[in-house]
Amino acid sequence: MTFHDTAVETFQLCRQFDDLRAVDNLDLRVERGTLYGFLGRNGAGKSTTIKMLTGLLAPSSGSIRMLGQNPLDPGQAIEVKRRVGVVPEDLALYDLLTGRENLTFVGRMYRVDRDVAQDRIDELFALLELGTDAGEEKRLVIDYSHGMKKKLALAAALIANPVLLFLDEPFEGVDAVTSRVIRDLLRRVADQGATIFITSHVLEIVERLCTHVGIIDRGRLVAQAPLSELQQESTLEDTFLAKVGSTEDVRANLSWLDEGDDGPAG
């Protein structure tokens with residue numbers, strides 16, 4: 001893989017929180033034009049990694065190259081960020097604005113032409129079913145459902161037509177219909193040549209959507225390959241469990257469910 005083939009590269013990337021090393025010497029390689037699924041258990045370092053990649057958290061050590069530039073260099077950071085869209089863990093929406101006002105503000109921050117921004121907002125509202133009647137248009141984001149907020153955050157990430165998109169748990173807490181809408185939209189974005197970096201706990205969605213996978217465990221990258229390569233000998237779930245701990249580690253048991261116990265009281 002050459003320098004020009006990669007959208008994201010990290011070199012010995014670390015993040016230390018007091019005595020905890022949340023990300024430990026991470027060497028990521030994300031090829032341009034791929035749908036990259038970044039997997040790990042709770043607390044494995046996924047969100048910390050994505051926060052460092054998007055400039056929300058400074059690394060303790062190591063370096064990053066993104067779209068051929070250094071986002072940690074103040075002279076290059078703004079240019080990189082103008083080409084990047086982000087759906088962060090907390091969604092970063094303005095609760096006391098309407099959905100349209102949120103998108104208008106984001107468009108202005110990215111310096112998208114006003115007429116272009118309004119056309120894109122209209123299309124995003126229609127495609128993501130964010131509401132087109134007068135009553136819906138006046139609703140503040142604080143009154144949105146969780147699924148609606150997820151879709152609005154995705155619309156905000158897309159309005160500047162980024163070439164690199166970071167999504168932190170975009171499918172968490174959304175219903176099946178919303179999940180399908182988001183998946184279909186992300187495929188269309190990827191088909192246009194964008195690179196999409198997704199953190200997720202939902203292995204089934206990653207299998208359906210992603211072309212490449214990285215697995216992080218206790219801050220360390222334990223696997224990174226095309227999805228098809230990881231699936232040659234087993235399912236993604238089996239590969240994941242083998243990398244982060246044996247199946248014995250994740251089997252659940254309750255003492256009162258053992259054979260021979262009396263059954264439910266009644």
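These questions and answers show how the labels for this predicted model follow from its computed values.

The model is predicted, with local features needing pLDDT of at least 70, side-chain atom pairs counting only at pLDDT 80 or more, and totals for chains, interfaces and linings using all residues. Residues are numbered from 1 along each chain as its sequence is written, and side-chain values use heavy atoms, with hydrogens and water left out.

Q: How many helices and strands does the protein chain have?
A: The protein chain has 11 helices and 10 strands. Both are DSSP runs numbered from the N terminus: helices are H or I with at least four residues, strands are E with at least two.

Q: What makes Thr 48 count as buried?
A: Buried means under 20% relative accessible area, exposed means over 50%, and partly exposed lies in between (1.4 Å probe, protein chains only). Thr 48 has 15% relative accessibility, so it counts as buried. Thr 48 sits in helix H1 (residues 46–53).

Q: Which residues does Thr 48 contact, leaving aside its neighbours within four places in sequence?
A: Contact means heavy atoms within 4.5 Å. Thr 48 meets Arg 15, Phe 17, Ala 22, Val 23 and Leu 57.

Q: Why is Thr 49 called buried?
A: Its relative accessibility is 0%, so Thr 49 counts as buried. Thr 49 also belongs to helix H1. Beyond neighbours within four places in sequence, its contacts are Val 23, Leu 26, Leu 28, Phe 38 and Ile 216.

Q: What makes H1 mostly covered?
A: In H1, 7 of its 8 residues are buried. They are Lys 46, Ser 47, Thr 48, Thr 49, Ile 50, Met 52 and Leu 53. After H1 comes Gly 55, with a positive phi near 85 degrees.

Q: Which residues of helix H10 (residues 236–244) are buried?
A: Leu 236, Thr 239, Phe 240, Leu 241 and Val 244 are buried in H10. Gly 245 follows H10 and has a positive phi, near 150 degrees.

Q: Why is H3 called oblique to H4?
A: The axes of helix H3 (residues 99–109) and helix H4 (residues 114–127) cross at roughly 140 degrees and come within 10 Å. That makes H3 oblique to H4. Angles under 35 degrees count as roughly parallel, over 145 as roughly antiparallel, 65 to 115 as roughly perpendicular, and the rest as oblique. Axes are lines fitted to C-alpha atoms, for helices over the stretch in contact, and angles run from 0 to 180 degrees between N-to-C directions.

Q: Which residues of H3 and H4 meet?
A: Gly 99, Arg 100, Leu 103, Thr 104 and Arg 108 in H3 meet Arg 114, Gln 118, Ile 121, Asp 122 and Phe 125 in H4. By class, this contact of H3 with H4 has 3 nonpolar, 3 polar and 4 charged residues. Ala, Val, Leu, Ile, Met, Phe, Trp, Tyr, Cys and Pro count as nonpolar; Asp, Glu, Lys and Arg count as charged; the others, Gly among them, are polar.

Q: Why are H3 and H6 called roughly parallel?
A: Their axes cross at roughly 25 degrees and come within 9 Å. H3 and H6 are therefore roughly parallel to each other.

Q: Where do H3 and H6 meet?
A: Gly 99, Asn 102, Leu 103 and Val 106 in H3 meet Leu 152, Ala 155 and Ala 156 in H6. The contact of H3 with H6 has 5 nonpolar, 2 polar and no charged residues.

Q: What makes a set of residues a nonpolar core?
A: A nonpolar core is a set of buried Ala, Val, Leu, Ile, Met, Phe, Trp, Tyr and Cys residues joined through side-chain atoms within 4.5 Å. The largest one here has 50 residues, and Leu 154, Leu 186 and Ile 196 have the most contacts inside it. Helix H6 (residues 146–158) gives the largest share of this core, 8 residues. Another core lies apart from it, with 23 residues, including Val 23 and Val 84.

Q: Is Glu 129 buried or exposed?
A: Glu 129 has 55% relative accessibility, so it counts as exposed. Glu 129 lies in the loop between H4 and helix H5 (134–137). Its phi is positive, near 55 degrees, though Glu 129 is not a glycine.

Q: Is Glu 169 buried or exposed?
A: With a relative accessible area of 7%, Glu 169 is buried. Glu 169 lies in the loop between strand E7 (164–168) and helix H7 (176–191).
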